[in-house]
Amino acid sequence: MKQYKLEPHFIEEYRNVKKVFTNKGVFALKSARKISNTQFPSMIQMLYQKGFTRVVPIIPTIDGSYLVFQENQYHYLMPWLNNSIVDERDDRHHLLFKELAKMHQYSLNEIQQAKTNDIYHHYENITKQWDERDGYLESFVIESEKKWYMSPFELLFCTYYHEISLASKYARSQLDKWYELSEETKSFRTVLTNGKVSITHFLFDEHGKGYLSNFEKASYASPINDLISFYYRTLKTFPILCDDCFGWFQTYRSHFPLKEEEIYLFLSYLTYPEPIYRCVQNYKNKKEKKSEQEYVRLLQKAYWLNKNIEYFSMKIVEEEQRKKDQEAAESHTE
């Protein structure tokens with residue numbers, strides 16, 4: 001704390017964050033052994049320079065450093081937010097998506113394909129990867145069905161396989177649509193992404209204003225990256241029909257409208273059964289010492305995630321179709 005010219009009077013520990021009471025106020029000191037992007041403080045500064053201030057700032061040391069490496073850990077200092085909780089949980093999520101959308105808008109950068117060939121290479125890499133995964137899952141089914149007695153995990157997977165293959169085909173169809181439209185527009189958009197958007201990382205001050213935090217995995221990428229990671233974690237639960245999830249998505253789009261091709265890319269990544277593939281891969285490789293019952297439980301959870309995503313994605317598709325029908329009707333009237 002001497003590097004900040006602060007005198008700590010009292011410290012409270014909250015996992016990897018310390019609440020430090022000092023002679024100049026209360027601060028949050030966060031520590032981490034690994035940080036994916038050590039340049040994230042400069043990215044936060046960029047947002048402030050562009051006018052977006054709803055990010056918890058990183059306080060520099062007296063010599064201007066934003067990260068302090070000491071005792072094999074990175075440390076950085078922030079103002080402590082009381083994190084006053086708004087009355088309704090749903091309101092908190094809407095505020096999160098509003099600020100996330102605004103952050104994406106402030107950091108938006110449109111890249112012309114004439115300067116790069118990223119769209120083609122991305123499409124080729126993903127289709128090749130998905131083809132390999134599909135083949136892997138298909139071979140696992142064939143191997144399982146050849147046995148006189150399948151294990152509980154194999155039996156459950158074979159039961160799910162038809163739905164899994166349909167999800168894969170749907171994801172591929174959405175990716176194809178994204179590629180076709182992107183080839184026409186000859187451009188794609190990147191924004192500053194948080195890397196791990198979470199409601200627990202959305203903090204409030206004493207005035208009820210919300211601030212985004214935890215930018216250690218920040219990078220410039222497609223805006224859908226933040227949405228994918230958020231919904232994967234949120235929908236990883238028991239079977240639910242999350243209408244709120246669609247409402248949050250609509251809030252985001254009202255402040256940062258996604259292009260049609262970005263909707264297709266979002267649906268493709270969201271619906272591809274990647275968690276199920278990883279579950280089967282872990283089962284076959286047996287890298288982790290788990291019982292058959294535990295592997296079955298993990299497969300069932302991956303399947304539930306896939307079904308929750310299916311409901312959410314269909315809400316998006318229905319809304320997109322409604323908008324197209326409305327536009328067609330208005331055009332016909334004119």
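The largest pocket has a volume of about 840 Å³. Here a pocket is an open set of points on a 1 Å grid over the protein atoms alone, where a 1.4 Å probe fits and protein lies on both sides within 12 Å along at least five of seven lines; the volume is the space filled by probe spheres set on the points, with grid points joined across faces, edges and corners. The structure is a predicted model, in which local features need pLDDT of at least 70, side-chain atom pairs count only at pLDDT 80 or more, and totals for chains, interfaces and linings use all residues. Residues are numbered from 1 along each chain as its sequence is written, and side-chain values use heavy atoms, with hydrogens and water left out.

The lining of the largest pocket comprises 28 residues, and N16, V17, K30, T200 and H201 are those nearest its centre; a lining residue has an atom within 4 Å of a point. Strands β3 (25-32) and β5 (73-79) each supply at least two lining residues, and β3 gives the largest share, 4 residues. Strands (E, at least two residues) and helices (H or I, at least four) are DSSP runs, numbered from the N terminus.

Turning to the aromatic residues, a search of the whole structure finds 29 pairs. Rings of Phe, Tyr and Trp (its six-membered ring) pair if their centres lie within 6.5 Å, and planes under 30 degrees apart count as stacked, over 60 as edge-to-face and the rest as tilted. F97 and W248 are a stacked pair because their ring centres are 6.3 Å apart and their planes lie at 25 degrees. This pair links distant parts of the chain, with F97 in helix α2 (residues 89-106) and W248 in helix α6 (residues 243-255), 151 residues apart. Both F97 and W248 are buried, where buried means under 20% relative accessible area, exposed over 50% and partly exposed in between (1.4 Å probe, protein chains only). One aromatic cluster is formed by F97, F230, Y231, W248, F249, F266 and F312.

An edge-to-face pair is formed by W130 and Y269, at 6.1 Å centre to centre and 70 degrees between the planes. Here too distant parts of the chain are linked: W130 belongs to helix α3 (residues 118-145) and Y269 to helix α7 (residues 260-271), 139 residues apart. With 4% relative accessibility W130 counts as buried, whereas Y269, at 25%, counts as partly exposed.

Helix α3 has 28 residues and reaches 41 Å from its first C-alpha to its last, close to the 40 Å expected at 1.5 Å a residue; the expected span is 1.5 Å times one less than the number of residues. Among its buried residues are Y123, W130, R133 and F140. The buried residues of α3 pack against α4 (152-185), β7 (187-193), α7 and α8 (274-285), with contact meaning heavy atoms within 4.5 Å.

Charged groups also meet aromatic rings. The charged end of K284 sits over the ring of Y136, 5.1 Å from the ring centre, and that of K286 sits over the ring of Y295, at 5.5 Å. The criterion is NZ of Lys or CZ of Arg within 6 Å of the ring centre and within 35 degrees of the ring normal.

K5, although not a glycine, has a positive phi of about 55 degrees; K5 is found in the segment before β1 (8-14) and counts as exposed at 57% relative accessibility. N214, also not a glycine, has a positive phi of about 60 degrees. N214 lies in the loop between β9 (210-212) and β10 (219-221) and is buried, with a relative accessible area of 14%.
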